[in-house]
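Trainee: I'd like to learn how to read a few local features in a model. Can we go through them one by one?
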Amino acid sequence: MAHDGKMRLGLSMRYLGYHMAAWRHPEVPAAGAIDFKYFLDTARKAEAAKFDMIFFADGLGVRTADNPKGSASRDAKNAELEPLTLLAALGACTSNIGLVGTASTTYNEPFHIARKYASIDHISGGRAGWNVVTSWSQQEAWNFSRDEHLGYEERYERADEFVDVVKKLWDSWEDDAFLRDKASGIFYDEAKLHVANHKGKHFSVRGPLNSARTPQGRPLIVQAGAAEAGREIAAKNADVVYSASFDIQSARKYYADLKGRLGKYGRTPDQLLIMPGLTPYVGRTRQEAQDKFDQLQELIDPLSGLSILYSTLGDLSAYDLDGPVPALSSGPVSSIGNGLIELAQRENLTIRQLYKMRAAGGRQLIGTAQDIVDDMEAWFREGAADGFNLCPATLPGGLDDFVALILPELRRRGLFREEYAASTLRGNLGLNPLRFGD
């Protein structure tokens with residue numbers, strides 16, 4: 001739990017919301033994902049509500065496969081703004097909110113990443129964060145002169161070294177290295193320049209970084225360490241982890257496991273914040289909340305729904321959507337697919353009901369503000385979360401509902417701030433100031 005007794009809140013802003021049919025909602029601007037004003041308006045709403053940060057996930061390609069045929073043309077996840085460019089622009093138009101964006105360690109170089117995020121941290125006055133990911137999709141490999149994406153072990157081994165190099169580059173200059181003394185003609189103190197001279201398995205990077213030490217000491221490092229290798233990278237480096245637990249028991253287990261790994265890297269539990277994703281559907285009554293959820297579920301195109309099931313159950317387009325899920329005995333049926341078949345048989349689900357269940361995405365809470373805050377508070381107080389990464393079903397509507405209904409209840413219970421406490425993202429998150437070399 002965060003040491004000041006307040007939970008942390010981030011807003012995930014990619015695309016138009018986290019429900020797959022969000023773009024079809026009547027109040028969602030369908031072209032918003034390529035509209036700077038759409039993102040600026042949303043970021044300013046989050047800042048006015050005193051959110052800690054906004055966050056952009058990213059991929060280096062259109063990952064949608066056209067299975068079944070025609071489903072890809074119904075997917076909105078194919079045209080968006082590049083997140084670092086967008087964050088730099090948002091940083092110049094906001095004052096307090098943190099700016100976190102994703103960049104892959106698979107198809108970038110450490111010097112590029114170190115320099116870009118350092119620049120955003122300077123532009124924003126200390127509000128930048130890097131979400132560290134590896135690229136896993138075939139579509140991304142094809143965009144970078146590869147027939148196949150890197151294997152799991154190589155991707156994570158490269159990522160581990162990549163982060164080490166970036167941190168060394170961010171430590172190229174001590175805080176007071178630049179004297180800029182016009183009288184003496186000395187621009188920087190030579191003793192406070194540190195050249196990385198990194199030579200490893202994947203990278204050979206001399207440095208130094210052509211950027212001064214940033215307002216935060218270095219930008220925040222964010223990670224989503226679910227797999228074993230990812231958890232180790234998070235425990236070693238991350239300031240914030242986004243997690244995807246669906247129930248409080250698994251969330252507590254993950255929380256304890258990750259925080260328990262910090263000691264081997266000389267870190268303490270309060271140096272890492274864990275923020276599970278959350279998609280709330282909130283209404284003044286439970287029925288109103290359910291109606292909001294049901295409205296989006298009805299907007300799912302059947303081909304889009306079938307595409308969700310394709311990778312695990314194969315092509316079901318020849319079957320009656322309102323008939324039972326077939327017990328397939330051949331084809332591309334994985335262990336996950338078998339689990340879905342068992343679920344469908346146990347609960348007597350139709351194909352349509354099954355894809356709607358899958359389409360709704362991560363952990364959803366449907367109810368009144370009191371219902372939702374009861375759940376959030378339990379996770380926060382029982383060692384399952386230090387805060388939450390809000391993944392609204394639609395934007396801006398999901399954020400508007402959260403601010404109007406959930407935020408007042410959080411504040412009534414003393415669980416969220418009234419005002420920003422610091423000028424930097426690190427300060428607002430309650431993380432300790434960084435010393436040179438940390």
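Trainee: Is N348 buried or exposed?

Mentor: Buried means under 20% relative accessible area, exposed over 50%, and partly exposed in between (1.4 Å probe, protein chains only). N348 has a relative accessible area of 63%, so N348 is exposed. Keep in mind that this is a predicted model, where local features need pLDDT of at least 70, side-chain atom pairs count only at pLDDT 80 or more, and totals for chains, interfaces and linings use all residues. Residues are numbered from 1 along each chain as its sequence is written, and side-chain values use heavy atoms, with hydrogens and water left out.

Trainee: Where is N348 found?

Mentor: Helices (H or I, at least four residues) and strands (E, at least two) are DSSP runs, numbered from the N terminus. N348 sits in the loop between α10 (335-347) and α11 (351-359). Its phi is positive, about 55 degrees, although N348 is not a glycine.

Trainee: Which phi does Y15 have?

Mentor: Y15 is not a glycine either, yet has a positive phi of about 55 degrees. You'll find Y15 in the loop between β1 (8-12) and α1 (36-48). Y15 has a relative accessible area of 13%, so Y15 is buried.

Trainee: What does R417 touch?

Mentor: Contact means heavy atoms within 4.5 Å. Not counting residues up to four places away in sequence, R417 touches K6, R8, K50, F51, D52, R411 and N428. R417 counts as buried because its relative accessibility is 8%.
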